[in-house]
Amino acid sequence: QVQLVESGGGLVQAGGSLRLSCAASGRIFSINAMGWYRQAPGKQRELVAAITGGGSTNYADSVKGRFTISRDSAKNTVYLQMNSLKPEDTAVYYCNADMVTLFGRGDNWGQGTQVTVSS
């Protein structure tokens, strides 16, 4: 059984910061790309940031310069540092990982963590 467990969400005022963490556990052979997605009420889930196994990153235009994705491969953990938060960043944030496990290769998702930014 493989799990992705997110933490670090919460309520913050506009201009504030939060750091999300996502730890993968279970029978994992390797992890390729990891990423963060978000879904606001009434909207589709969208990519926020992603990082490859080699450390290359990409970001949604709306978060460039404010969010930073990083990973600790030894801990199978990915982070999202979110600075200068805006009310429009309010959403449920989901962790995603492209992993090779006992059951083969595939996308895995966390349960989501709520981020609420007040104006």
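Mentor: Cys-22 and Cys-95 form a disulfide, with their sulfur atoms 2.1 Å apart. A disulfide here is a pair of cysteine sulfur atoms within 2.5 Å. This is a predicted model: local features need pLDDT of at least 70, side-chain atom pairs count only at pLDDT 80 or more, and totals for chains, interfaces and linings use all residues. Residues are numbered from 1 along each chain as its sequence is written, and side-chain values use heavy atoms, with hydrogens and water left out.

Trainee: How many disulfides does the structure hold?

Mentor: The structure holds 1. Cys-22 lies in strand 3 (residues 18–25) and Cys-95 in strand 9 (residues 91–101), so the link ties together parts 73 residues apart in sequence. Strands (E, at least two residues) are DSSP runs, numbered from the N terminus.

Trainee: Which hand does the link of Cys-22 and Cys-95 have?

Mentor: Left-handed, with -80° about the S-S bond.

Trainee: Are Cys-22 and Cys-95 buried or exposed?

Mentor: Both are buried. Buried means under 20% relative accessible area, exposed over 50%, partly exposed in between (1.4 Å probe, protein chains only).

Trainee: New topic. Which strands pair with strand 11?

Mentor: Strand 2 (residues 10–13) pairs with strand 11 in the parallel sense, over 4 bridges. Strand 9 runs antiparallel to strand 11, joined by 3 bridges. Pairing requires at least two DSSP bridges between two strands.

Trainee: Which residues of strand 11 are on the covered face?

Mentor: Thr-113, Val-115 and Val-117. Gln-114, Thr-116 and Ser-118 form the uncovered face.
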